[in-house]
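Keep the sequence and the model side by side as you read.

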Amino acid sequence: MVAGKKRLTLDVDASLQQRLKVVAALRGVSMREYCETAIERELARDEEGRIPKLPFGPEAVERLIALQARPPDGGMFEGDSTDFIREAREER
């Protein structure tokens, strides 16, 4: 696989796969190229405002991440987290 690329696997109906294969062949491109182009086109449309804006922005996400990183009582965990996990498993 080429560096900087990620693999995406989709399960599709046989009839959709057959249609994709035919149309890609008629256009003279691979099914991968056809799918990449179609996904890029739809993403561009959505990014231009076709999808509703999320009710929160990047600041809210950062605050959520900060809250998740704090221990429940506001204190700091001491020790290695793997030790905590190991102890919890042994208690079960």
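Buried here means under 20% relative accessible area with a 1.4 Å probe, protein chains only. H3 runs over residues 58-69. From first C-alpha to last it reaches 17 Å, close to the expected 16 Å. The expected span is 1.5 Å times one less than the number of residues. H3 also has the lowest mean pLDDT among the elements, 75. pLDDT is the predictor's confidence in each residue, from 0 to 100.

This is a predicted model: local features need pLDDT of at least 70, side-chain atom pairs count only at pLDDT 80 or more, and totals for chains, interfaces and linings use all residues. Residues are numbered from 1 along each chain as its sequence is written, and side-chain values use heavy atoms, without hydrogens and water.

Now take the whole chain. It has 4 helices and 0 strands. Helices (H or I, at least four residues) and strands (E, at least two) are DSSP runs, numbered from the N terminus. Of the 92 residues, 3% are buried. The mean pLDDT is 82, and 79% of the residues reach 70 or more.

Turn to H1, which has the highest mean pLDDT, 96. Its 14 residues reach 20 Å, close to the 20 Å expected. Just after H1, Gly 28 takes a positive phi of about 80°.

What lines the largest pocket? There are 19 residues in the lining, and Leu 8, Arg 32, Cys 35, Glu 36 and Ile 39 lie nearest the centre. A pocket is an open set of 1 Å grid points where a 1.4 Å probe fits, with protein on both sides within 12 Å along at least five of seven lines; lining residues have an atom within 4 Å of a point. H1 (14-27) and H2 (31-50) each supply at least two lining residues. H2 gives the largest share, 8 residues. The pocket has a volume of about 750 Å³, the space filled by probe spheres set on the points.

Terms used
Buried < 20%, exposed > 50% of the residue type's maximum accessible area, 1.4 Å probe, protein only.
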